Amino acid sequence: MTDTSTDTTPSTFALPSTQGILVLNSGSSSLKFGVFTPVGGDETAWLSGSAKGIGRGDGSLTMRSLDGTIDIRQSHVMESQHEALQRVADALHQHLDRPLVAAGHRVVHGGPHLTTHVRITDEVKQTLRDAIPFAPLHLPPALDLLDEAQQIFGDIPHYACLDTAFHQTMPERATRLALPKHYATEGVVRYGFHGLSYESIVSSLGQDLPARLVVAHLGSGASVCAIRDGRSIDTTMGLTPTGGIPMATRTGDLDPGVLVYLMRTGSLDADALEHLINYESGLKGVSDSNDDMQALAARADPGAMLAVDMFCTAVRKAIGAYAALMGGVDLVVFTGGIGEHAGSLRERISSGLEFLGGRFRVIETQEERQIARHSRKMYGGPAVGG
């Protein structure tokens, strides 16, 4: 692939504050990042961007400052998160005129022993390594990226912001699995995920936060959360981010007997089952294609139509269940890549829920801003935002 780039950026760029915090939010084939400063009473993304298509031939890097003085668009083949991060670091070192003070990282799962946002130490990293069985799809690349970031930005503190932390308010009836008690003691419970996204929605609503809120974070990973008075009381994902509603390549909830059946009749061991339920199932498995949701929704073949129908139905059922849990719902918020941009799917999900009497809104998720807020608080700088 031929590299192309556009860079209309001056040689250096003045941050409006000496308190810039780098935020890194990694995905399986993407890396979102931003430099946040305390402006106007909240964390403001003075610089934001993303590296997409990591490991594929269509990789790209974009970076833009709030006032437009930095505007970088580059097309590159990036083989790994490491390479993507190095490109981001090179651009930051070239263009920012002031050193950063801290870095915040999105961490999907902290396991049973790490349930709050925390400064990253060697002990914390070992705890995260021990938690890999809880999130084998997410934690290994996140830990690799964290190590790389600490090498590149080694003179500043780094903080782990956990997607599970928001759900610590769930009551035991929502976290316990119907297994013998000793499994719960060992950490085999429902944790919930997308917590940073749900927190950001609560913050965005501010004074308009209703008592009974349901948020549907819909993307390649998807979940629904019941939020009572700003606190999580239940959510669809469970022990791992594989549970809940069907996702791009993940099964969502299964009858546990299905896994027993596959082990007995298909000679599948734990590794093979893990690969099946995380990488070959969900919308991909039903439609027999790698198409994303937008492409599936545009197709008219039975597999694609069934996959979309199953997804929309599962989300609708979850919303209805949480309305029943809270004795009604005042507001349903759609967020995430699908939730924010796929209007036809929102309509399909909402159809039939009119009897609930609640309002429906679309609000952009701001996970990176939420990470910056938590990191600022832990760093000890001026606390801003919600």
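**A helix pair and a pocket**

Gln 81, His 82, Leu 85, Gln 86, Ala 89 and His 93 of helix H1 are in contact with Asp 144, Leu 145, Glu 148, Ala 149 and Ile 152 of helix H3. The residues of this contact between H1 and H3 divide into five nonpolar, four polar and two charged. The model that shows this contact is a predicted one.

The geometry of the pair can be followed from the helix axes: those of H1, which spans residues 81–95, and H3, which spans residues 139–152, come within 10 Å and cross at roughly 30°. Because angles under 35 degrees count as roughly parallel, H1 and H3 are therefore described as roughly parallel to each other. The crossing of H1 and H3 is right-handed.

Attention can now turn to the second largest pocket, which holds about 1300 Å³ of space. Its lining is made up of 41 residues, and those that lie nearest the centre of the pocket are Leu 239, Thr 240, Gly 243, Asp 253 and Leu 259. Three helices, namely H7 (256–266), H8 (270–279) and H11 (302–325), are the elements that give two or more residues to the lining of this second largest pocket. Of these contributions, the one from H8, at six residues, is the largest share of the lining.

Terms used:
Residues numbered from 1 in each chain as written. Predicted model: local features only at pLDDT ≥ 70, side-chain atom pairs only at ≥ 80, totals over all residues. Heavy atoms only, no water. Axes fitted to C-alpha atoms, helices over the stretch in contact; angles between N-to-C directions. Helix = DSSP H or I, 4+ residues; strand = E, 2+ residues; numbered from the N terminus. Parallel < 35°, antiparallel > 145°, perpendicular 65-115°, else oblique. Left-handed = near helix turned anticlockwise from the far one by under 90°. Contact = heavy atoms within 4.5 Å. Nonpolar A, V, L, I, M, F, W, Y, C, P; charged D, E, K, R; others polar. 1 Å grid on protein atoms, 1.4 Å probe; cavity = no way out; pocket = protein on both sides within 12 Å on 5 of 7 lines; lining within 4 Å. Points joined across faces, edges and corners; volume = space filled by probe spheres on them.
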